[in-house]
Amino acid sequence: MNFLPFSRLLITIKICCLLCIHSAFAQSQSLTSEQVDTDVIRFLNQATFGATPESFTSLRSQIANDGSNRLAIYDQWINDQIAQTPSNMDTFCNSAITGITSDIQRAAIRDVPDCYWTTFTSAKDQLRQRVAFALSQILVISTQQVAVRSAYRGVFTYWDTLSNHAFGEYKNLLYDVSIHPVMGVWLSHISNPKAVPGTGIYPDENYAREVMQLFSMGLVQRRLDGSVITDDNGNPIPTYDNSVIEGMARVFTGLSFSRWFDSNGESIENTSFNRSVRPPFNRGQNQWLAPMKIFTSQHDYDEKVLFTDKGVTLTLPAATEKTALAALEEIQTVTNALAAHSSTAPYISRILIQRLVTSNPSPQYIERVATQFANNGDMTATIKAILLDPEARDPNNVNSDRFGKVKEPVLMLTNLFRLLEAQSGIYLDQREFGINAANFDNFEQDATLLRIGLLSNTGQQIMGAPSVFNFYSPNFSPAGLLADEGIVAPEQQLQTDNQLISVFNYYHRLTNNSLSRSFPVNEQNSFLLPFTVDNHKTGWNQQLLESIWNSTEGDNIIKAEALIDFLDFYLNAGFLHAERATSVTRSAIVKNVSESTEAARYKAVLNGVINAPETQIQR
Amino acid sequence: MAIDKSRRSLLKYSGLLGLQKFVVPSSALLASNLVSAATDNFKALVFINLAGGNDSFNMVAPKEPGILRDNYESGRRSVALNADLMKPVTALNAPKIFNGVDYNGFGFHPNCGDMADMFNNQELAVISNAGNLVAPVTRTQYLNNSVALPPQLFSHSDQARQLQSQPMLQSQFGWGGKMLEILTGVSGVNISGSPVSPLISLNGLNTFQTTESGLLNIYAMNPGKIPRIISNIRATADMYTTYMSTPTNHLMSRNYQERFFSATNAQVALSTVFDDADASTVNYDEIFSNNNATSTNLGRQLQSVAKIISGRETLNNDRTIFYVRLGGFDTHKDLLSTQASLMKQLNGALKAFRDTLVELNCFDNVTTLVSSEFGRTFAPNSTTNSAGTDHAWGGNFLVMGGAVNGGNFYGTYPDLRIGEELDSDDRQGRGRWIPQTSVSQCGAVLANWFGVPEENLPELFPNLANFDSPFSVNANLNFMA
């Protein structure tokens with residue numbers, strides 16, 4: 001392994017940054033070599049599912065020691081990531097599941113999470129997948145709902161919708177999400193009929209509300225910097241009232257499945273507006289693979305008066321021709337207007353910054369990003385603005401008491417999987433014990449299927465939030481210290497007393513080299529040959545740490561420090577190392593590791609670093 | 001109540017330093033906590049949040065023929081319940097109904113038979129058409145926007161937060177958390193000195209139990225056993241103790257450290273409580289299983305609540321507030337089928353909880369409030385049997401317990417006339433009922449039972465003065481003995 005970039009850390013002297021004025025940082029400021037190292041790690045932890053020695057070396061080797069060209073290098077890296085062939089979750093997951101088991105019905109639901117873990121850990125289009133993960137926490141659907149869980153291929157294609165638009169335009173993403181059948185099921189605008197005059201029956205308002213409240217403009221009017229606009233009495237001005245909801249509900253009428261299945265499970269045209277949202281999931285799942293279509297008899301073509309932005313009210317005139325195309329154009333007009341609403345750019349930009357970089361971006365940071373988001377939601381410009389912003393790249397923020405974000409369980413785990421080379425015995429490619437997965441060349445060499453499962457006890461199940469409000473609120477502020485300071489920490493909504501212990505225990509399982517979920521013995525029969533229960537076991541590469549211990553010269557304390565510094569460098573951008581003169585955390589881990597038996601040593605260092613208070617923060 | 005921040009941080013850090021003695025289970029430590037609490041002084045409030053907006057006008061609805069049943073059927077159409085299947089309840093006093101309608105033929109949802117029995121047995125009461133309100137408001141005032149309204153009506157997140165705190169834009173605290181803060185200053189009530197917070201959530205962090213000062217934190221746990229850190233290596237445990245007890249620079253790291261303490265401090269005592277409960281003569285599993293509540297989400301939460309209550313002497317808190325949550329009520333589609341299973345779950349869990357508390361001899365000490373962020377549109381959104389209902393406003397709450405004046409309807413039940421005085425919806429007339437009773441009034445009655453003096457109630461509910469006194473005849477909220 002390449003050990004050079006990090007060994008340089010050991011001889012550099014910590015630069016005191018206390019005198020640097022936070023806001024005085026400029027892009028042209030000259031960095032120390034140590035600060036460049038730190039910045040590269042921080043960038044990778046913001047833009048991927050975790051920095052690795054390879055990804056670090058590759059980027060660092062292109063950057064001058066004073067950091068002067070780093071933004072150009074990052075920019076090029078982003079361009080390269082955008083140019084990567086996008087992973088396709090649907091084809092990958094289908095091939096992975098059919099590659100290992102004949103029991104497709106059970107596997108479809110049981111094995112789905114493995115595909116996400118594998119993609120996050122080993123796919124080459126890291127930035128795209130990281131952005132898709134962020135979007136999946138904004139445009140939320142959830143497998144907590146049985147109908148969504150049963151529509152497993154719909155969930156994959158929904159993921160692909162997010163990742164395919166990750167560098168496109170938010171307005172197009174919003175349109176595709178709005179007509180995706182799984183969203184139709186989740187927020188119940190599938191088979192939503194128009195009002196029936198005289199019966200007191202009115203359209204479902206569910207999607208109408210959440211597409212505004214959560215997917216675009218938010219509840220209150222905002223300036224470009226995210227601040228709330230108030231009226232003369234100091235009250236926030238709502239972005240809409242209930243009459244707008246009622247109008248929006250009429251927009252999302254007449255949609256239903258465009259495909260259905262015949263008795264052989266073959267895909268056929270759907271001709272019936274009212275369909276069960278829980279058809280048998282073993283009939284090919286064809287109905288989930290195509291966008292919803294319009295049933296003209298059920299769409300409301302009358303005039304609709306919708307939301308007002310900057311004094312202009314969106315009014316949709318009554319349709320002259322009652323065609324499916326006209327109805328879809330109406331929906332597109334609305335989703336375009338939602339993306340262009342003046343409150344959408346700051347609202348969505350802030351949450352994207354929170355998911356990638358920091359929970360508490362300054363108004364100026366939000367404004368710079370929202371400016372790039374602009375009217376159509378230019379996602380490439382938005383993502384670049386988020387990652388390359390002076391606030392994201394300010395080296396002094398490493399020492400801030402509030403910059404950054406808490407790593408939610410999925411990110412903490414994928415950071416570890418990538419760094420510790422987690423793998424099973426089932427390879428994605430064509431070798432022996434390979435499953436010849438679709439697009440296996442989109443993954444890192446030697447990638448394996450990580451048979452890990454839901455890990456639901458971590459409190460965060462990928463694509464399985466408790467509700468459309470995600471796992472945590474963007475405004476969650478723990479009572480006490482953080483609330484007093486006006487600081488939000490969304491991910492800490494998951495860090496309850498009990499949950500914290502559960503997560504601790506998951507890390508102990510990981511360090512015991514057995515993160516795989518347990519397979520009942522009789523399940524082995526449904527695995528395709530030649531795979532065994534052992535092949536399915538997922539563990540980490542302990543040799544990685546052994547080689548550091550063995551190759552470090554000196555006593556056990558020096559060897560322990562080398563182990564800690566390795567983990568700390570990639571997980572914490574070297575924070576513990578930089579604080580080594582005073583860090584109680586580091587010395588406590590050193591003591592434990594240096595005094596451990598060989599059998600306990602590597603578990604001790606992993607548990608020590610992973611659970612450290614400092615490691616919880618993505619700086 | 002002014003908060004002395006320096007005092008708070010002092011307490012916190014004395015807590016930090018105190019960690020060491022709690023990390024390793026110590027029987028001596030437990031013994032020191034077994035100061036006998038005065039059991040008869042014990043009170044618990046259980047807040048059950050039916051999340052998503054319970055369609056509670058199908059939980060409690062007109063059953064017998066009459067004008068109210070006629071209005072019910074013409075308004076609810078495809079989502080009206082079959083009267084023959086509903087469970088009859090007879091109120092001791094004639095229910096107060098809007099516009100003076102004379103009617104006493106209500107029923108509970110067909111799957112709520114045990115709840116109906118509890119009502120008829122005077123162990124459970126209905127609070128009609130309650131909801132978030134800043135001040136009383138009529139339909140005309142609502143449509144003219146001439147009275148202050150709760151911000152973001154009909155939005156889940158806002159209305160759920162307001163239900164648990166105040167009808168305001170932002171919440172500093174929930175009324176559950178604040179109640180305990182006030183009680184720390186009331187003599188004769190002991191809620192300190194326990195390693196376990198008196199604010200216990202079975203479903204994550206929530207607004208309801210959030211305190212203003214942050215001095216008391218929410219202990220959030222999953223139902224069932226208390227997890228223990230599985231490291232059995234002493235050196236590793238010592239390492240955690242060392243680095244968790246040294247405040248770090250980053251505020252979020254500090255919060256993580258505090259959660260670690262709270263968890264490790266509580267787990268010893270709570271594990272003991274669960275072990276004691278399982279070893280006791282009370283057969284929790286049998287009681288819950290008799291009510292089909294052993295493996296349901298709500299049943300599992302309430303079984304844990306009951307076990308914690310059984311350990312009230314060990315935990316040494318005179319007051320405990322529990323937060324329990326059941327989701328799935330956002331029935332924009334399939335109201336009838338979805339609600340049927342949810343009501344079945346609610347019924348079984350409440351009955352099992354009640355039976356357990358009776359066996360623990362503390363049914364009189366525990367009051368349970370069943371509420372939801374809003375009711376749903378009286379008019380459905382489809383003519384088919386998969387019809388759902390949308391977000392609305394007022395809804396029916398339930399209170400259960402030995403201290404409840406059960407067998408009665410409190411507040412004012414709507415006359416159920418779409419598009420008329422109580423309907424806030426003028427465009428379509430969907431039956432979004434304007435609440436006639438505020439959450440603040442209901443909360444004030446419960447807080448007062450819990451021990452909060454009347455003069456402190458405005459601290460909990462700053463808008464309380466806008467309404468009839470919750471203790472007045474007009475308010476009709478005399479639901480606590």
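What share of the 481 residues of chain B counts as buried? Hello everyone, let me start with that one. The value is 59% of the chain. Please keep in mind that we are looking at a predicted model today.

Let's stay with chain B for a moment. Its secondary structure comes to 16 helices and 12 strands. The C-alpha atoms fill a box of roughly 70 × 50 × 40 Å along the principal axes. For a chain of 481 residues, a compact globule would have a radius of gyration near 23 Å, and chain B agrees with that because its own value is 23 Å. Now take the contacts in chain B with a separation of 6 or more: 77% of them join residues 24 or more positions apart.

Now to the strands. If you have the structure open, please go to strand 10 of chain B, residues 395-400. Is this strand mostly covered or mostly open? It is mostly covered, with 6 of its 6 residues buried. Strand 10 pairs with strand 5, residues 124-131 of chain B, in the antiparallel sense over 5 bridges. In that pairing, B:A125 stands opposite B:V399 of strand 10. Strand 10 also pairs with strand 9, residues 366-371 of chain B, again antiparallel, over 3 bridges. Here B:V370 faces B:L398 of strand 10.

Elsewhere in chain B there is an open sheet of 3 strands, in the order 2-4-3, with antiparallel pairing. Its edges are strand 2 (60-62) and strand 3 (87-88), each of which pairs on one side only. Strand 3 is joined to strand 4, residues 106-108, by 2 bridges, and these two strands run antiparallel. A pair to look for is B:K87, which stands opposite B:F108 in strand 4.

On to helix packing in chain B. Helix 12 (residues 297-310) and helix 14 (residues 335-359) have axes that come within 9 Å and cross at roughly 15°. The two helices are therefore roughly parallel to each other. Helix 12 passes helix 14 in a right-handed crossing. From helix 12 of chain B, the residues that meet helix 14 are B:L298, B:G299, B:L302 and B:A306. Their partners in helix 14 include B:Q345, B:L346, B:G348 and B:A349.

Where does chain B touch chain A? The contact takes 61 residues from chain B and 64 residues from chain A. On the chain B side, strand 7 (219-220), helix 9 (234-244) and helix 10 (251-279) each supply at least two residues. Which element gives the largest share of that side? That would be helix 10 of chain B, with 12 residues.

Let's move over to chain A and its helix 20, residues 409-419. All told, 11 of the 11 residues of this helix are buried, so it is largely enclosed by the rest of the structure. Among them are A:M412, A:N415, A:F417 and A:R418. The cover over these buried residues includes helix 7 (112-122), helix 22 (497-511), helix 25 (556-572) and helix 28 (598-610) of chain A.

Helix 25 of chain A also has packing of its own to show. It packs with helix 27, residues 584-595 of chain A, at an angle of about 120°, with the axes 9 Å apart. The pair is therefore oblique. The crossing of helix 25 past helix 27 is right-handed. The contact is made by residues including A:N556, A:I557 and A:A560 of helix 25, and A:R586, A:I589 and A:V590 of helix 27.

Last topic: backbone angles. Most residues other than glycine have a negative phi. Here are some with a positive one. Just after helix 20 of chain A, A:E421 takes a phi of about 55°. A:F433 has a phi near 60°, and this residue lies in the loop between helix 20 and helix 21 (481-485) of chain A. A:F433 is partly exposed, with 14 other C-beta atoms within 10 Å.

In chain B, phi of B:N476 is near 55°. B:N476 sits in the segment after helix 16 (457-460) of chain B. Is B:N476 buried or exposed? It counts as buried, because 22 C-beta neighbours lie inside 10 Å, and the cut-off for buried is 20 or more.

Notes: Residues are numbered from 1 along each chain as its sequence is written. Chains are lettered from A and ligands numbered from 1 in the order in which they are written. This is a predicted model: local features need pLDDT of at least 70, side-chain atom pairs count only at pLDDT 80 or more; totals for chains, interfaces and linings use all residues. A residue is buried if 20 or more other C-beta atoms lie within 10 Å of its own, exposed if 12 or fewer, and partly exposed in between; C-beta atoms are placed from the backbone. Helices (H or I, at least four residues) and strands (E, at least two) are DSSP runs, numbered from the N terminus. Two strands pair if DSSP finds at least two bridges between them. The radius of gyration is taken over C-alpha atoms; the globule rule is 2.2 Å times the number of residues to the power 0.38. Two residues are in contact if their C-beta atoms, placed from the backbone, lie within 7 Å. Axes are lines fitted to C-alpha atoms, for helices over the stretch in contact, and angles run from 0 to 180 degrees between N-to-C directions. Angles under 35 degrees count as roughly parallel, over 145 as roughly antiparallel, 65 to 115 as roughly perpendicular and the rest as oblique. A crossing is left-handed if the near helix is turned anticlockwise from the far one by less than a right angle, and right-handed if clockwise.
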